[in-house]
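Subject: Structure for you to look at

Hi,

Here is the structure I promised to pass on.

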Amino acid sequence: MTTNNRSWRRAGAFAAIATVSALGVGLAAGTAQAHTPVWEVTCTEVSVDLTAYSPKEDNTVTVTVDGKDLLPTETFKGNFHKKLELPKHDKELTVRLVVKAGDDDKFSRDESKTAPVCDDKPSPSPTPSETPSPSTPAPSETPSDTPSTATSSAEVPPASTKPSPSGDLAETGSSSSTPLIAGAAAVVIVAGGGIMWAARKRRSAQH
């Protein structure tokens, strides 16, 4: 009987130790999952999500930008969710989050992040010179197939004033057959004169 009692006592002690250990692990896991601060910073806003904080104690949260209050100290219980709009800026901003847990200071947070500058400049559009149209050649690339026929009257001398290659006088409008006609007329005149002279001599001989 004594031996059996000792065995039962040992078994009960082991069971108690195992139960306490399990409870300790569960409590540690619950503590690890509690007090979850999540916050994000963009170029335009700050989003703050604080979950699983003490629902009984007063917890506080503060957000500053370059030392100035963006969210003055605010008290919450349990959870806190808020989005804060950042002021317009042309340089990076330093955003600081301070969370104080009401149940235990080891769950408090003091963190800083950088808000970048928003890149809202439109992209430059390409100029016509950068994207030439292959189907539209430049005027200098298409030479004219038909030369210009417009000439000035001063560039072409008139035919009537063109000098003769033989050094003769300029043409006066007479035909090239004029010398032949003049020669024939002279022969007729000479022949007529001869006939008249022969007729007179014949008359004088008769008388």
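Of the 207 residues in the protein, 15% are buried, where buried means under 20% relative accessible area, exposed means over 50%, and partly exposed is what falls in between (1.4 Å probe, protein chains only). The accessible surface comes to about 16,700 Å², and carbon and sulfur atoms own 58% of that. Those areas come from the Shrake-Rupley method with a 1.4 Å probe, and for residues only the protein chains shown count as cover.

Before you dig in, two bookkeeping points. This is a predicted model, so to speak of local features I needed pLDDT of at least 70, and side-chain atom pairs count only at pLDDT 80 or more, while totals for chains, interfaces and linings use all residues. Residues are numbered from 1 along each chain as its sequence is written, and side-chain values use heavy atoms, with hydrogens and water left out.

On to the fold. There are two helices and seven strands, and from the N terminus the order is α-β-β-β-β-β-β-β-α. Helices (H or I, at least four residues) and strands (E, at least two) are DSSP runs, numbered from the N terminus. Take the contacts between residues at least 6 apart in sequence: 51% of them join residues at least 24 apart. Contact here means heavy atoms within 4.5 Å.

Threonine 64 counts as buried, at 15% relative accessibility. Leaving aside residues up to four places away in sequence, threonine 64 touches Asp69, Leu70, Thr94, Val95 and Arg96.

Now the charges. Side chains of opposite charge can pair when their charged atoms come close. I call it a salt bridge when a side-chain nitrogen of Lys or Arg is within 4 Å of a carboxyl oxygen of Asp or Glu, and by this rule the count is four.

- Aspartate 58 pairs with lysine 77, with 3.7 Å between the closest N and O atoms. This pair links distant parts of the chain, 19 residues apart: aspartate 58 sits in the loop between E2 and E3, lysine 77 in the loop between E4 and strand E5 (80–85). Both ends are partly exposed, aspartate 58 at 49% relative accessibility and lysine 77 at 48%.
- Aspartate 110 and arginine 96 meet at 2.7 Å, N to O. Here too distant parts of the chain are linked, with aspartate 110 in strand E7 (residues 109–115) and arginine 96 in strand E6 (residues 93–100), 14 residues apart. Aspartate 110 is partly exposed at 47%, and arginine 96 is partly exposed at 37%.
- Lysine 82 and glutamate 74 have their closest N and O atoms 3.3 Å apart. Lysine 82 is partly exposed with a relative accessible area of 31%, and glutamate 74 is partly exposed at 27%.

And where do like charges gather? Glu57, Asp103, Asp104 and Asp105 form a negative surface patch. For patches, I take residues with over 30% relative accessible area and no salt bridge, and join like charges within 9 Å (nonpolar side chains, meaning Val, Leu, Ile, Met, Phe, Trp and Tyr, within 5 Å). Lys and Arg count as positive and Asp and Glu as negative, with His and the chain ends not counted; the charge is placed at NZ of Lys, CZ of Arg, CG of Asp or CD of Glu. Glutamate 57 is in the loop between E2 and E3 and is partly exposed, at 38% relative accessibility.

Most residues other than glycine have a negative phi. Alanine 52, although not a glycine, has a positive phi of about 60°. Alanine 52 lies in the loop between strand E2 (45–51) and strand E3 (59–65) and is partly exposed, with a relative accessible area of 36%. Aspartate 66 is another such case, with a positive phi of about 50°. Its place is in the loop between E3 and strand E4 (68–76), and aspartate 66 is partly exposed at 41%.

Last, proline 87, in the loop between E5 and E6, is partly exposed at 43%. Proline 87 and cysteine 43 are 44 residues apart in sequence, with 9.3 Å from C-alpha to C-alpha.

Cheers
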